[in-house]
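This report examines selected helices, their packing and several loop positions. The sequence and structure are shown first.

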Amino acid sequence: MPILVLLLAATGGATFAGIALGLAVWTLAEYVIHRYLFHALPLFRDAHDLHHAKPHARTGVTSWHSLGIFGVLALVLSAGVLAGIALGYLAYITAHHAVHHWTIRPGHPLYGLKLRHTMHHRGIEANFGVTTTLWDRVFRTYRARR
Ligand SMILES: [Zn+2]
Ligand SMILES: [Zn+2]
């Protein structure tokens, strides 16, 4: 994913505005995918339930599937927007991996994220965003960390 971001950003068509727009689009996509695909559609919900049950297990979307989706998006989006979406996705998979696999103690910059995501894993239909709480606040699914 970092290589994809660099390749897209290095092309002449990638602008700062396009990358910023792609990042913004990603944050909403992250929320919608998690809330409405992973928690509502049986095809995705069953696999996502495995992640909720065993958050340390290596379950999730494979890199090949991700690259395939990005390949399709490359047909319709500008390089800058796609680079921004890829950058957001990279931030998401890194943060999500960190909260489940890193030792994060109080005072660490990711500690609040870890608490919010842990609440989500405990069956509360809230805190669907990982990289930002923005859309949880907009759609009133934000729950303060405990
Ligand atoms: Zn979930
Ligand atoms: Zn998780």
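## An exposed loop residue

Thr-103 is exposed (12 or fewer other C-beta atoms, placed from the backbone, within 10 Å of its own), because 6 other C-beta atoms lie within 10 Å. Thr-103 belongs to the loop between helix 5 and helix 6 (111–121), helices being DSSP runs of H or I with at least four residues, numbered from the N terminus.

The model is predicted: local features require pLDDT of at least 70 and side-chain atom pairs pLDDT 80 or more, whereas totals for chains, interfaces and linings use all residues. Residues are numbered from 1 along each chain as its sequence is written, and chains are lettered from A and ligands numbered from 1 in the order in which they are written.

Buried positions (20 or more other C-beta atoms within 10 Å) in helix 2 include Gly-18, Gly-22, Trp-26 and His-34. The cover over the buried residues of helix 2 includes helix 1 (2–10), helix 5 (79–101) and helix 7 (134–138).

## Packing of helix 2 against helix 5

The axes of helix 2 and helix 5 are 6 Å apart and form an angle of about 45 degrees. Residues making the contact (C-beta atoms within 7 Å) include Gly-18, Gly-22 and Trp-26 of helix 2 and Gly-80, Gly-84 and Gly-88 of helix 5.

Leu-87 is in contact with Val-5, Ile-19 and Leu-23, leaving aside neighbours within four places in sequence.

## Two non-glycine residues with positive phi

Asn-127 is not a glycine, yet has a positive phi of about 55 degrees. Asn-127 is located in the loop between helix 6 and helix 7 and counts as buried because it has 22 C-beta neighbours inside 10 Å.

Arg-140, also not a glycine, has a positive phi of about 60 degrees. Arg-140 lies in the segment after helix 7 and counts as exposed, with 8 C-beta neighbours inside 10 Å.

How values were computed. Contact = placed C-beta atoms within 7 Å. Axes fitted to C-alpha atoms, helices over the stretch in contact; angles between N-to-C directions.
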